[in-house]
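Here is a short tour of one protein model, written for someone new to reading structures. Keep the picture open while you read.

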Amino acid sequence: MPARRPPAPPAAPPTVPATFARVGERLEARYLPGGPAPLAGRPETLLASLIRTILGQQNTRAAADRQYAALRETYPRWEAALLDGPDGIEGTLKAAGGGLHRSKARHLHALLEALDDTGTLSLEGLRDLPDPAARARLEALPGVGRHTASLLLLFDLRRAAMPVEGNLDRLARRLEWVPGGWTPARVERWFDALTPRTWEARAALHVAGVRHGREVCTARHPRCDTCVLSDLCPSAALLGPA
C-alpha cells in the first residue's frame, strides 16, 4: 500500500501592503469623517433589498431605482410577481427603462420560485443565522453570487462582509496592491483576508472606496491632482495631469 502524502501546510496569509492602513484612514477621513453609518433608504424587507440589489447589477443607480419602483407599484406583494411569470416581470422592467430586462426578470422569477418552494417568500430567517450559514443560504439562491450576498450581509444584516465592486478593485490595482492579472473574485478574497473583521472597518472601506472611485479615481481621466492618495499611489505619476 503506497505511503500517504503528508497534508499540505496551510497557505500563508497574504502580506499586508505598507500603505493599506494609511489608505483606509485617508479615505475615511475624506469621505466619512463621522464614521460609517447604516445606509438610509434601504428596502423594508431582506427580500425586497435583495431584489433591489439584483436590479443594480450592471445597471445605473437611477435605472435600478426606477425598475424597483415599477415592480413595487405593479406587484404590491411579491406573490403577484411570481404568478405573473418572467414575461410579466420583464415587461414591467422594460417599461421602467434600464438594461438586461430579460435576464433580470428570469433571475427574479427564479428567485421567487426558489423561495416559494421553501413555503414562504421571505428571507427574514437570515437574521437568526450565523454569518457562514446566512451566506450559504443567499449564494444558493438563483442570481445571487458572492458579491451580491456580501452587499446584503453588510448593509442589511450588519455583518462583517467585504463586498468589492469595480471602484475598490480598480483602486487596489492602481495602488499595486494586487497583480493586474487577478480576477475580481480573487481581489475580493484578498480584501476579505486583510481588512479587519469588524462591520465598521469594512463598511468604511467599501463606502469610502466607492465614493473615491466615482469622484476621483475614475476609470477614465482620474483626477490624480486632487487625490488624497496621490503620494501613496504608484499610478499617479502615469495617470495624473502632465
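At 18% relative accessibility, cysteine 233 counts as buried; buried means under 20% relative accessible area, exposed means over 50%, and partly exposed is in between (1.4 Å probe, protein chains only). Cysteine 217 is buried too, at 9%.

Cysteine 217 is in no disulfide, and its nearest cysteine sulfur, on cysteine 227, sits 6.4 Å away. Cysteine 233 is in no disulfide either, with the sulfur of cysteine 224 as the nearest one, 6.4 Å away.

## What kind of model this is

This is a predicted model, so local features need pLDDT of at least 70 and side-chain atom pairs count only at pLDDT 80 or more, while totals for chains, interfaces and linings use all residues. Residues are numbered from 1 along each chain as its sequence is written, and side-chain values use heavy atoms, with hydrogens and water left out.

## The overall build

The protein has 11 helices and 0 strands. Helices (H or I, at least four residues) and strands (E, at least two) are DSSP runs, numbered from the N terminus. The C-alpha atoms fill a box of roughly 65 × 55 × 35 Å, taken along the principal axes.

Of the 242 residues, 46% count as buried. Take the contacts (heavy atoms within 4.5 Å) between residues at least 6 apart in sequence: 63% of them join residues at least 24 apart.

## The nonpolar core

A nonpolar core is a set of buried Ala, Val, Leu, Ile, Met, Phe, Trp, Tyr and Cys residues joined through side-chain atoms within 4.5 Å. Which residues touch the most other members of the largest one? They are Trp78, Leu138 and Phe191, out of 67 residues in that core. Helix α2 gives the most to this core, with 7 residues.

Have a look around tryptophan 78. Leaving aside neighbours within four places in sequence, tryptophan 78 is in contact with Leu47, Ala48, Ile51, Tyr68, Leu71, Arg72, Leu112 and Leu121.

Now find helix α9, residues 184-194. Its buried residues are Val187, Glu188, Trp190, Phe191, Asp192 and Leu194, and they pack against α1 (20-31), α7 (146-155), α8 (166-174) and α10 (199-215).

Serine 150 is in helix α7. Is serine 150 buried or exposed? It is buried, because its relative accessible area is 1%. Apart from neighbours within four places in sequence, serine 150 is in contact with Arg135, Ala161, Met162, Pro163 and Glu188. Glu188 is also one of the buried residues of α9.

## Two loop residues with positive phi

Glutamine 58 lies in the loop between α2 (46-56) and α3 (61-74). It has a positive phi of about 55 degrees although it is not a glycine. At 74% relative accessibility, glutamine 58 counts as exposed.

Arginine 158 is found in the loop between α7 and α8. Its phi is near 55 degrees, a positive value in a residue other than glycine. What about its accessibility? Arginine 158 is partly exposed, with a relative accessible area of 41%.

Terms used. A disulfide is a pair of cysteine sulfur atoms within 2.5 Å.
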